[in-house]
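Hello,

Here is the structure for your files. Please look it over before reading on. My notes follow below.

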2 protein chains.
Amino acid sequence: MKPVIDGLEPPYYAVIFTSIRTDLEDAYDDTDQRLAKLVADQPGFLGFESARQEVGITVSYWSSLDAIADWRNQPEHRAAWQRGKEWYASYRVRICRVEREYGF
Amino acid sequence: MKPVIDGLEPPYYAVIFTSIRTDLEDAYDDTDQRLAKLVADQPGFLGFESARQEVGITVSYWSSLDAIADWRNQPEHRAAWQRGKEWYASYRVRICRVEREYGF
């Protein structure tokens with residue numbers, strides 16, 4: 001069984017992306033998988049966790065605010081965002097500083 | 001369609017709870033629903049969003065670190081946590097400060 005992501009040392013940053021999907025499926029899965037591959041090579045990327053039921057939640061973890069900004073400006077990622085509006089009825093992006101964590 | 005939570009004004013706090021469930025179902029759903037009711041009356045609670053597929057992610061939003069600590073120490077919530085170890089193969093709790101947000 002895959003564990004949750006651990007071993008990160010605060011302070012670092014989290015981007016919480018919550019969204020409600022539209023019914024439009026066209027190219028969504030392809031883009032989603034392509035971005036998941038692309039982000040893995042992005043400097044400062046520490047990992048992500050994702051689940052969707054009524055609401056979709058993706059949390060990605062980053063070493064710095066600059067690393068988050070660089071990913072936001074990555075050309076293929078930007079292009080995907082241009083299309084994103086048709087996939088989402090609503091979404092919210094929250095940029096957070098992780099202060100502390102615990103778990104097992 | 002339910003929108004994502006918005007209208008919150010940074011800075012505020014987010015608790016990101018990620019978990020992998022065990023197969024044990026006993027009393028989980030009852031406790032989960034009871035805690036969802038209970039937290040709604042907790043001072044400083046601003047809302048929560050939750051989804052589970054392979055991993056479960058629940059993000060709750062709070063006005064302050066003190067409000068988070070008070071909820072953590074709430075007796076019924078504490079008692080649920082004592083049992084929690086049997087429901088989760090692994091979990092992680094991250095306390096975060098939301099610096100900024102955007103969306104539609």
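Six salt bridges cross the interface of chain A and chain B, each a side-chain nitrogen of Lys or Arg within 4 Å of a carboxyl oxygen of Asp or Glu. One of them joins the side chains of R94(B) and E101(A), at 3.5 Å from N to O.

A caution on the basis: this is a predicted model, where local features need pLDDT of at least 70 and side-chain atom pairs count only at pLDDT 80 or more, while totals for chains, interfaces and linings use all residues. Residues are numbered from 1 along each chain as its sequence is written, chains are lettered from A and ligands numbered from 1 in the order written, and side-chain values use heavy atoms, with hydrogens and water left out.

Now the interface as a whole. The contact (heavy atoms within 4.5 Å) takes 43 residues from chain A and 43 residues from chain B. The two chains bury about 4,300 Å² between them, 59% of it on carbon and sulfur atoms. That is accessible area (1.4 Å probe) lost on being put together, summed over both parts. In chain A, R94(A), Y102(A) and F104(A) lose the most area to chain B, together 19% of what that side buries.

Last, the strands (DSSP runs of E, at least two residues, numbered from the N terminus). β4(A) and β4 of chain B (residues 88-103) pair in the antiparallel sense over eleven bridges; pairing needs at least two DSSP bridges. Within this pairing, I95(A) stands opposite R100(B).

Best wishes

Conventions: Helices (H or I, at least four residues) and strands (E, at least two) are DSSP runs, numbered from the N terminus.
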